Amino acid sequence: MAPTVQTVRGPVAVDDLGMTLMHEHIVNVNAEVNRDQPAMSIDGNRAAIFAEVVARLKDVAAAGISTLVDLTVPGHGRDVAFVQEVNRHVDLHIVAATGIYTFNEIPKMFHYRPPTPSSPRDALTELFVRDIRDGIAGTGVRAAIIKVATDRLGVTPDIDRVLRAAAVAHRETGVPITTHTAPAERTGLDQQRIFAEEGVDLSRVIIGHCGDANDQDYLRTLMDRGSLIGADRFGLYLPGRLGLPARVDIVADLCALGYSDRIVLAHDKTIYSDWWDDGWGPQVPEWTHTHISTAVLPALRERGVTEEQLDQMMVGNPRRVFAAQGGY
């Protein structure tokens with residue numbers, strides 16, 4: 001039987017995932033604030049936000065994208081029930097994630113419940129595995145990827161726990177790992193080191209935000225060790241960040257060197273977030289979930305990236321990530 005991947009609408013054959021954005025967000029919602037003071041979050045204008053999210057995701061589908069991987073996890077504002085309801089109105093495969101989004105300390109619930117000799121299973125691992133095997137928030141939606149992060153602070157004691165807990169959950173369930181990194185600090189190398197110490201097959205790991213780094217030695221090292229990298233912030237062209245030409249050059253140069261089988265593309269874009277006063281975040285015109293379809297792929301073609309390589313990055317590599325299944 002062909003392998004399947006869990007999506008918000010249920011299992012989908014990996015061969016049917018099609019063009020896939022591997023690192024995106026739909027909504028970020030602080031559940032406690034939204035419950036206690038809804039006017040400050042999504043429930044203050046839920047119907048209008050819902051309609052806008054549906055409209056934007058319909059644009060994504062119309063642009064030729066079949067699958068969107070939503071890497072919103074606890075700490076980042078996951079609301080699977082909202083996404084599930086949205087998905088009823090949009091013909092798009094949406095993959096949900098588990099994990100913890102923090103750059104330093106983990107929530108107190110986990111901080112004060114570390115593994116012990118008498119109870120060695122980390123509560124973080126238990127959370128990840130339950131999300132994968134049992135589903136999230138009573139929705140029946142099961143996570144199909146684990147998201148973790150290191151940023152400029154590097155591997156703090158709590159981050160070390162998160163990475164190792166993710167490794168254990170990955171090896172137990174077989175679902176892939178994807179990450180947030182700070183490329184200027186080369187934190188993807190620390191992630192790989194810890195995963196390798198825990199026995200993780202690095203070919204089942206995506207090191208994220210690598211398109212932020214014009215550092216070919218760093219990127220090639222990550223890929224030569226087996227991992228895929230995410231060129232996944234196309235459109236986020238803020239002052240001090242790389243623009244479209246530089247990001248296209250990074251991907252095109254790596255494709256010319258034979259690395260197209262280890263690159264995935266995305267935007268790291270959120271549609272609605274209660275992180276921002278207006279809910280919509282930085283106003284960067286190109287930062288939309290359709291930017292890769294309308295601008296990036298044509299620019300890559302102009303730089304000599306072949307159709308076979310584009311298909312590999314947008315279809316073949318995501319398919320291979322989700323097809324590698326089973327614990328070990």
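A nonpolar core is a set of buried Ala, Val, Leu, Ile, Met, Phe, Trp, Tyr and Cys residues joined through side-chain atoms within 4.5 Å; buried means under 20% relative accessible area (1.4 Å probe, protein chains only). The model is predicted, so local features need pLDDT of at least 70 and side-chain atom pairs 80 or more, while totals for chains, interfaces and linings use all residues. Residues are numbered from 1 along each chain as its sequence is written, and side-chain values use heavy atoms, without hydrogens or water.

Select L57, L265 and L300. These have the most contacts inside the largest nonpolar core, which has 82 residues. Helix α6 (residues 157-173) gives the most to this core: seven residues. Helices here are DSSP runs of H or I, at least four residues, and strands are runs of E, at least two, numbered from the N terminus.

Stay on L300. Beyond its neighbours within four places in sequence, L300 is in contact (heavy atoms within 4.5 Å) with V248, V251, A252, L265, V305 and L310. Another core lies apart, with 19 residues, among them M22, L71, A97 and V264.

Now show helix α10, residues 291-302. Its buried residues include L297 and L300. The buried residues of α10 pack against β3 (20-24), α9 (244-256), β12 (263-265) and α11 (307-323). After α10 comes G304, with a positive phi near 95°.

Next, F50 and F82. Both are buried. Their ring centres lie 5.7 Å apart (pairs need 6.5 Å or less) with planes at 80°, so the pair is edge-to-face, a label for angles over 60 degrees; under 30 is stacked and the rest tilted. F50 sits in α2 (residues 46-62) and F82 in α3 (residues 80-87), 32 residues apart.

Finish at Y101, F103 and W275, a cluster linked by ring pairs.

How values were computed:
Phe/Tyr/Trp six-rings, centres within 6.5 Å; stacked < 30°, edge-to-face > 60°. Buried < 20%, exposed > 50% of the residue type's maximum accessible area, 1.4 Å probe, protein only. Expected span 1.5 Å × (residues − 1).
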